[in-house]
Amino acid sequence: MYKETKVQPYFDNITLKDFIKSDNPSLESRMKGLRSFTEELFSHGHNLYRRELLSATDTVVKVKDPLTGLTKEMLMFGSNNYLGLATHPTVEKAVMAAIAKYGVGMGGPPLLNGTSELHNELETKLAAFKDSEATLLFSCGFNAIGGWLNAMVREEDIFFYDEYNHASLHNALLGVRCKKIPFRHNDMTDLRRKMEFYADKVNEKWLVVEGVYSMDGDIANLQEISLLCDTYKARLVVDDAHGTGILGLKGSGAAEILPREKVFLHLGTFSKSFAFTGGFICGSKDSINFLRYLSPQYMFSASLSPMVVAGLLAALEIMQSDTSLRKNLIENTNYFVNQLALSGIEATSSSAIVPILVPQQYNLREIALKLHERGLFINAVEYPAVPIDKQRLRISMMATHTHEQIDKLVSNLAEVLREAGMIT
Ligand SMILES: Cc1ncc(COP(=O)(O)O)c(C=O)c1O
């Protein structure tokens with residue numbers, strides 16, 4: 001019998017609840033517990049959560065500085081707007097034109113009054129982009145994942161998933177009674193061992209991975225994962241929130257290397273390289289039709305606004321036609337990682353996400369605060385959002401960053417990490 005992996009999901013809200021000390025289980029007492037927890041957490045001016053942006057999410061942003069209350073100009077290295085499309089003039093124009101024609105919202109869910117010609121066009125074009133037959137749009141990626149699980153996964157199913165899958169999967173799984181088998185992050189030996197153990201079971205099997213992992217920026221070994229799915233007869237589902245628009249010759253994501261029939265469903269979000277909000281699932285006509293009528297998160301939630309859909313169509317067109325964006329992005333990431341190495345800072349990445357791990361003995365919040373003071377907008381991610389020994393600065397590169405901006409990031413990082421004693 002294999003030993004069960006200890007799962008440490010990214011953003012473990014169950015662990016977070018354990019932080020909240022309360023005398024009794026009443027809601028009032030728990031709210032009081034949370035208040036003291038956050039007061040302690042954010043004492044000494046450390047609260048860099050929810051920094052208020054006063055400008056568009058671009059490589060340079062204006063922020064209301066939580067430390068001084070004044071407007072601060074900062075270099076943005078914390079945004080998932082990887083291709084810089086949040087401020088692309090063609091996208092902005094498409095949004096404006098859609099408002100003029102359709103107004104600002106649909107006022108209903110897709111099966112009733114919430115489908116426009118734009119929604120249908122986006123579904124068709126996304127399906128082609130993802131080399132699939134059909135697409136379903138959701139109000140966000142979080143709901144797409146929940147919508148798929150609610151509709152398709154049953155109690156008797158066996159569900160394999162990478163321990164580092166996103167919180168949206170862990171959260172949706174809480175409400176699904178199937179046999180849940182997490183495997184160690186990107187560990188094909190562990191996965192094979194676990195799939196082998198259930199090899200003689202005829203139950204429906206699922207294997208869910210991310211194309212690019214959201215906190216580490218590393219890529220799933222999809223060739224081997226696909227072979228394992230063939231061997232053990234599992235359906236492969238790839239959540240490529242962070243690879244779509246970035247990886248592959250067409251830019252359609254990490255799964256582009258696999259033949260169409262090897263991926264049962266592609267999950268995606270519009271909140272990263274598309275720079276909007278919304279989510280989607282691509283798959284066969286039959287599976288999308290099944291989800292269209294059985295996903296509560298699809299059926300009972302209002303459709304994306306037409307102005308968003310028009311902007312998404314423009315963004316998709318740019319993603320496909322302007323290959324310079326993802327070339328610049330990869331070039332910027334490589335440049336950044338190389339410059340870091342020259343400064344004695346270790347980091348690797350295969351995508352736009354570059355994590356710099358900060359060992360537990362160093363004060364991540366102090367480091368983040370110093371970077372903020374120096375005008376660098378970077379996200380610090382700590383337990384329970386990541387495992388306790390894996391706290392980090394999660395740096396996001398954009399296609400539109402200049403080398404000069406990246407140099408500034410590297411020199412400031414080196415100074416701050418040297419002051420902290422992390423590098424010599
Ligand atoms: C891997 C992954 N899947 C799903 C989601 C959820 O996407 P959305 O922001 O559209 O809800 C995210 C968002 O952070 C993500 O990183």
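Two conventions come before the details. Residues are numbered from 1 along each chain, following its sequence as written. Because the model is predicted, local features need pLDDT of at least 70 and side-chain atom pairs count only at pLDDT 80 or more, while totals for chains, interfaces and linings use all residues.

I begin with the domains. The assignment for the protein chain gives domain 1 (54–85 + 323–419) and domain 2 (89–321); such bounds come from an automatic or database domain assignment. Taken over C-alpha atoms, the centres of domain 1 and domain 2 are 27 Å apart. Their contact takes 17 residues from domain 1 and 22 residues from domain 2, where two residues are in contact if their C-beta atoms, placed from the backbone, lie within 7 Å. On the side of domain 1 that touches domain 2, the elements giving two or more residues are α12 (323–342) and β11 (353–357). The largest share of that side, 3 residues, comes from β11. These element names refer to DSSP runs numbered from the N terminus: helices are H or I with at least four residues, and strands are E with at least two. By class, the side of domain 1 that touches domain 2 has 10 nonpolar, 5 polar and 2 charged residues. Here Ala, Val, Leu, Ile, Met, Phe, Trp, Tyr, Cys and Pro count as nonpolar, Asp, Glu, Lys and Arg as charged, and the others, Gly among them, as polar.

I turn now to helix packing. Helix α4 (residues 117–129) and helix α11 (residues 306–321) pack at about 30°, with their axes 9 Å apart. Axes are lines fitted to C-alpha atoms, for helices over the stretch in contact, and angles run from 0 to 180 degrees between N-to-C directions. The two helices, α4 and α11, are therefore roughly parallel to each other; angles under 35 degrees count as roughly parallel, over 145 as roughly antiparallel, 65 to 115 as roughly perpendicular and the rest as oblique. Among the residues in this contact are L118 and F129 in α4, and P306 and Q320 in α11. The contact of α4 with α11 has 10 nonpolar, 2 polar and 2 charged residues.

The next pair is helix α13 (residues 364–373) and helix α14 (residues 403–419), packed at an angle of about 140° with axes 10 Å apart. Helices α13 and α14 are therefore oblique to each other. In their contact, I367, K370 and L371 of α13 meet N412, V416 and L417 of α14. Those residues divide into 4 nonpolar, 1 polar and 1 charged.

In the last pair, the axes of helix α5 (residues 141–152) and helix α6 (residues 167–174) come within 9 Å and cross at roughly 35°. From α5, the contact takes G141, F142, I145, G146 and L149; from α6, it takes S168, L169, A172 and L173.
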